[in-house]
Amino acid sequence: MLQKLFTKSAFKQALRCPASLYYYYDCEHYANQNNEDSFLQALADGGNQAGDLAKVYYDIKPEADLADVKGYDQSVQQTFELLKRDTVNIAEAAFRWENCFVRADIIEKNGNLINLIEVKAKSWDPSKDRLINTKGDASSAILEYVYDVAFQKYVIQNALGPQFKVKAFLMLADKSVYADYDGINQLFQLVKVDEHHSNVVRKPGAEVLQNYAQILTPIDVDDVVNRIIAGHTGEQEKLMHSRFQEFVKEMAQEYVGHEKKDSPLGSKCFKCPFYSNEGTPGMADGKKECWKKLAHFTEEDFTRPLVQDLWGQYIDRDEMIQEGKYFLQDLGKDDFKETERKKPGLTHIERKLLQVGLATGKKELLEPFSQNIRDGVYLDIPELKAEMSTWKYPLHMIDFETTAVALPFYKGMRPYEQVAFQFSHHVIEADGSIRHEGQYLNTVKHKFPNFTFLRELKAQLECDNGTIFRYATHENTILRAIRRQLVASDQEDKQELIVFIDSITHPTGKEKEGSPGTRDMVDLLDIVLRYYYHPSMKGSNSIKAVLPAILNSSKVIQEKYKEPIYGDVIPSLNFKNGVTKAWISFNPDGTVQNPYKLLDSVATFLGIGDEELEQFDATYIQEGEQIANGGAALAAYTKLQFTSETETKALADALLRYCELDTMSMVFIWEYFHEMTGM
């Protein structure tokens, strides 16, 4: 194995957990789950695209873009050759000092002044956000970014010597700036290179953006960076258990020497990505190594319910771990503080006690809930039935797909402004009949979809006064965001649309005026939280966790949907003209297979085999072949901005069926509750 230098990515890893540096170094041997979704993550965070846009803003010449220059020595040599010029802007400039090595996003040299610009796709609102907190330390919202640039300045200043003055900047996505060029995002296409890497392909003519409003703004962070380097900020002891320069030297020595250093166990260890699974066969499991050494875990212990599985807020997992309470079996009533009962059903604490009780079988914990537990599943039928009796038919199940990216898709939008590009809508009548009533998907490039999206939603929901359902807060949040966009717009029907939004939502966050609408959407997640719990859900209440629990519990639903009635008996907008779907199939162990796994891949809609898909377009990845989660939906919509007519239709078909299943999953939940309450 070639020796590695202590890079800024290694520094950031050390800040998260010094022990993990050993696993991070040995990437050929230890599994790292962060590598598995790198393409989707790159699409979601927009960092690569923001970095390339910054090169346009700083007019980086081809010979001064060192992104393709590999190796420590060659990249450093070319950097110092360029720095001989009196003025020069360099991308991916390389610097080495002792055993530390950094690549700077942008270096702006003017004489002896070096401006170091670290580009992040992080949002920044100059009217609200602050660099420094009341203690004079870096704000927690940007702490990791400031430490990143502090490490770079420390290395660069030492590498260049005192004859140069290095000044640190963070270049962030400025939420106060409106894009005055249409389709900035589409000028920087992210493409997959290999299993773990992606590149940005810049479209010809992107340099014109130098003449338009700059949505990325350099923020002067030099003062706080100097305080960090000098060891004068208050968070360092908690963050690093030492001062900045001591930490860098110690971690660099550990990393370059490939030495293993133990770190205290904490809740962060539950999120450790260095574990192996089916997707990383034959790779070592660093997470297990730590737990075996520090907590004396056996292989069997990893199969026991852990405190990491515990749901929700109002708990301190770090304190539990410090007390040696690693398993749900170790917890009792004294580990939780009571919370106020605001609605019928389970409180936050009761739900946790119920989870622990069902996982461990502790009778003293289960006693208060025993009357509502049947076959190991909790369902409060009386309270649920009372709640369901207030719902008005027909019932409307809706789900949105949205995106908020650093580089706006459309003119007139700010960074990270919400784009609602798709919805699905199922209806349940009073007689129990079900149909896929409506949907919307924007496939028109350069068309801002939000107001068209809203008009279509309004047309589908205003025909009656039936109860509308969402799952979690997302749909309410998005509609309130569109409301703010409407207020600032010149749409002729904006007042009518605002009235509609107000009727089906409630104000949130800093909205001080207004009350819940007369038809405010019912949160199906809230219903689940208060009345239903299945042990297989563990600490998750996402619809992807609730759905399999319900499907495996209901023989009625299994018998009904193992037949291909969907698209026939149950009308669908996407399964039609003789195309039907059986949503229930079974795994070899007899459990119900996840219906999202039954969705057709993009390859099917392209008319090619799955094995041909990557050859067709290398940007597709395993998760993206079958649009079965929100991240893949975002990836697909982003690709819609670049694709040919044939591929656009294939992606659209896949997106429509995915979103349709989201609202059908809400129908499944209703059917189960309806069955169990006998309504």
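Which residues lie nearest the centre of the second largest pocket? Keep that in mind as you look through these notes, and remember that this is a predicted model.

1. **The pocket and its centre.** Start with the second largest pocket, which has a volume of about 970 Å³. Its lining is made up of 35 residues.

2. **Who builds the lining.** Two elements to colour here are the strand β3 (113-124) and the helix α16, since each supplies at least two residues of the lining. Helix α16 gives the most, with five residues.

3. You will find Arg484 in helix α16, which covers residues 474-487.

4. **A cis peptide bond.** Now move to Tyr393 and Pro394, which are joined by a cis peptide bond with omega of about 0°. Pro394 sits in the loop between α14 (381-388) and β10 (395-403).

5. **A positive phi.** Finally, have a look at His258. This residue is not a glycine, yet its phi is positive, at about 50°. His258 is found in the loop that runs between α9 (244-256) and α10 (286-294).

Notes:
Residues are numbered from 1 along each chain as its sequence is written. This is a predicted model: local features need pLDDT of at least 70, side-chain atom pairs count only at pLDDT 80 or more; totals for chains, interfaces and linings use all residues. Side-chain values use heavy atoms; hydrogens and water are left out. Helices (H or I, at least four residues) and strands (E, at least two) are DSSP runs, numbered from the N terminus. On a 1 Å grid over the protein atoms alone, a cavity is a set of points where a 1.4 Å probe fits but cannot get out, and a pocket is an open set with protein on both sides within 12 Å along at least five of seven lines; lining residues have an atom within 4 Å of a point. Grid points are joined across faces, edges and corners, and a volume is the space filled by probe spheres set on the points.
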